Amino acid sequence: MKRLAWFLGPQGFGAYWADLATHEFVRVDEKPDVTILPGFVDIHIHGGFGLDFMSGTSETLRALTAKLKDCGYEAFLPTTVTASFEDTRRALATLTKDPAMPGFHLEGPFISPRFPGAQPREQIAEIPTGPSEWDEVFDDPRLRVVTIAPEIPGALPLISRLASRGVICSMGHTNATFAEARAGFEAGVRHATHTFNAMRPFHHREAGAAGFAIAEQRLAAELIYDRIHVSASAAAILAQCKPQDKLIAVSDGTMASGMPEGARLNMWGLDVIVGNGDARLRDGTLAGSAITLLDSFRNLHADLGPEIAIRATSLNPRSALGLGKPNVYIVLDERLQIVERLETS
Ligand SMILES: [Zn+2]
């Protein structure tokens, strides 16, 4: 499995003869016509192609997995939305054992009512103060990421509890001040969920959760890069401020991803209209995204360069989940169309 390709290898990004089976990469002075990278890893995705994790079945997830593999995915975390315990449990029961789904992401319901985004506001819940039915979810070994607002009552002990058993706690849908975000970090928060979106923004007298996400070097920042949720200039600022291993692209994809413009969907009990590259509620609120990580990769590649694009969509989320050596490589032509998918095991 030897290929001449643009690759992010041991000597940085450049032209390599890449042996994908043995993971040996030799820098060369030739001009490849393809780019190779390990498959995408998406730690925040609700669905795509008309398919939705919350309302679907195991068959829905199988169909979604197949569609995402066509888009270059190696793995993803099906992500819940703010919902009742019963609805959350029903969705989690559809998860099947599949290396493409190394767990799930619990987004809500323990978030700030000030920043619901498109999360169903009436399902936002208080953190249980004692034993509760939610313990079943908190103790689920498949739980890999939790999006939580660190400033709400009971958040800090819950963050400590989850972080101590290896769950990635991600501050999001949060009204946290800079100091409250730092308290969350001290309790164990290590990610920021879709940085800039649905969080207290940066203000020069109160730097907010967004300021903390930008400034704290040990915190990984998720970014939805459809160029709609976050502008190119704000993304560039974030990329300049974060260490190279701390920027993580997420699709936050919904059933609208991959659907034609003008399609009308019922998602999480809300009416959603698919636009040109976005999905919105009737009042114009962005309702998750309409992209996959392939779109995000292309946008990052064009705006911030190939190295940041490869790290953010593949290497960084892979190491956040501790996935080890890639089993999937994707080959892209000069227009960044996928021309081949190579499975090495
Ligand atoms: Zn989301």
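This is a predicted model. Start by selecting asparagine 197 and showing what surrounds it: leaving out residues up to four places away in sequence, asparagine 197 touches Ile224, His229 and Val230. You'll find asparagine 197 in the loop between strand S12 (189-192) and helix H6 (208-215). Is it buried or exposed? Asparagine 197 has a relative accessible area of 14%, and the cut-off for buried is under 20%, so it counts as buried.

Next stop, glutamate 222, in strand S13 (residues 220-224). This one is buried but has no salt bridge; the nearest side chain of opposite charge is lysine 242, 13 Å away. Look instead at histidine 194, whose backbone nitrogen sits 2.9 Å from a polar atom of the glutamate 222 side chain. Beyond four places in sequence, the contacts of glutamate 222 include Ile43, His44, Ser170 and Val250.

Click on His44 and follow it to the zinc ion. Which residues hold the zinc ion? His44 (NE2), His46 (NE2), Glu107 (OE) and Asp252 (OD) coordinate it, at 2.0 to 2.2 Å. The angles between these four donor atoms run from 84 to 168 degrees, so the arrangement is irregular.

Finally, select glutamate 107 and aspartate 252, both buried. Glutamate 107 is in strand S9 (residues 104-107) and aspartate 252 in the loop between strands S14 (247-250) and S15 (264-267), so the pair ties together parts 145 residues apart in sequence.

How values were computed:
Residues are numbered from 1 along each chain as its sequence is written. This is a predicted model: local features need pLDDT of at least 70, side-chain atom pairs count only at pLDDT 80 or more; totals for chains, interfaces and linings use all residues. Side-chain values use heavy atoms; hydrogens and water are left out. Helices (H or I, at least four residues) and strands (E, at least two) are DSSP runs, numbered from the N terminus. Buried means under 20% relative accessible area, exposed over 50%, partly exposed in between (1.4 Å probe, protein chains only). Lys and Arg count as positive and Asp and Glu as negative; His and the chain ends are not counted. A salt bridge is a side-chain nitrogen of Lys or Arg within 4 Å of a carboxyl oxygen of Asp or Glu. A polar contact is a pair of N or O atoms within 3.5 Å; within protein, one must be able to donate a hydrogen and the other to accept it, and residues adjacent in sequence count only if both atoms are side-chain atoms. Contact means heavy atoms within 4.5 Å. Donors are N, O and S atoms within 2.8 Å of the metal (3.2 Å for Na, K and Ca); water is not among the atoms, so sites may look incomplete. Four donors count as tetrahedral if all angles lie between 85 and 135 degrees; four count as square planar and six as octahedral if opposite donors are over 155 degrees apart and all others between 65 and 115; anything else is irregular.
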